[in-house]
Amino acid sequence: MNDRPVRAIALGFFDGVHRGHASILHKTVEAARELGLRPAALTFRQHPRALTGGGAPPLLTTAERRAALIAGQGIEEVLMLDFDRSFASQTPEQFIFDVLHREYRCGAVVTGENYRFGCGAQGTPALLHQEGEALGMRVITCPAVTDGGKPISSTRIRRLVEAGELEDAGRLLGRPFSLAGQVVHGRRVGRRLGFPTINLAPEPELALPPHGVYAARVHIAGQTVPAVTNIGVRPTFGESGSLSVESYLMDFDRQVYEQTAQVDLLRFLRPEQAFPSADALREQIARDVQSALRAQHEVKL
């Protein structure tokens, strides 16, 4: 049996695929090129905390979006595994030998300095160096990437998103925070106001910023269009309880129902509020459009 190593593998959940994750993935690509291996990443469909206690946090990316972003860093193979009880019960040594060495024929492995693995998260980068190198793996531990003197992390970015600090979140991600989904039918209120909109049904596991109005950029039907996006329940029209991600796309009036759109949120403009009349709302939307156009030029992402 040919057991020659074939992969250099980055390890991590990689939620958000932020600048810190990018450094790990780039190092993996470098190691793969140097050693003649295939650059790969091993991650999970489910957040490990969904199984190990405390519940999964709201996520920055769906599994599909995460895989695409990882591939965009030069990774040729994304190994998306199920984090189930059988997998979680492995000892760190079993993970290194059975999964990395035997199943995926790993010749190099790259992690961040805080990476933990195996039952009870007992595995550490030090153990990975000890056990992995004994099996012939090159083991690389990447230092944390910092911003403002603090490590960049998915938790830090999640808190910024949930506070509506989208420009700071985007700086740590290295791109705007975005929501994606299928365009669904709405009530056509925006069209009656003179501002036709598209409506998305956001994935329920994703982190969301506060209800409000945002300068945005929407990718749809092969185009990138400046937009104003409202996240909330549209209180002017007496709606409540049904969350909407509704975007007015500037100079765009195509029928795109059931197509997938990605909404990049650039800047918080104002809280969602009820207006005394449709005319008052129409006038405010016109002001929001001007604010959003300024943000298109000012936000450098």
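**Reasoning about a helix and the cores**

Analyst: In this predicted model, what covers the buried residues of α6 includes β1 (7-11), α5 (92-103), β4 (106-112) and β5 (138-142).

User: What makes Pro 125, Leu 127, Leu 128 and Gly 132 of α6 buried?

Analyst: Buried means under 20% relative accessible area, and in helix α6 (residues 125-134) Pro 125, Leu 127, Leu 128 and Gly 132 are placed in that class.

User: Why are the buried residues of α6 said to line one face of the helix?

Analyst: Seen down the axis of α6, the buried residues fall within an arc of 145 degrees, so they line one face. Ala 126, Gln 130 and Ala 134 are exposed, on the face turned away from the buried side of α6; for the label exposed, the relative accessible area has to be over 50%.

User: How do you know that Leu 11 is in contact with Leu 128?

Analyst: Contact means heavy atoms within 4.5 Å, and once neighbours within four places in sequence are left aside, the residues in contact with Leu 11 include Leu 128, Leu 42, Phe 95, Leu 100 and Tyr 115. In the largest nonpolar core, of 55 residues, Leu 11 is also one of those that touch the most other members, along with Ile 9, Leu 42, Leu 100, Ile 220 and Leu 265.

User: What makes Phe 14 and Val 17 members of another core?

Analyst: A nonpolar core joins buried residues of the listed nonpolar kinds through side-chain atoms within 4.5 Å, and Phe 14 and Val 17, with Val 29 and Ala 32, are among the 18 residues of a core that lies apart from the largest one.

Note on methods: Residues numbered from 1 in each chain as written. Predicted model: local features only at pLDDT ≥ 70, side-chain atom pairs only at ≥ 80, totals over all residues. Heavy atoms only, no water. Buried < 20%, exposed > 50% of the residue type's maximum accessible area, 1.4 Å probe, protein only. Helix = DSSP H or I, 4+ residues; strand = E, 2+ residues; numbered from the N terminus. Arc of directions from axis to C-beta.
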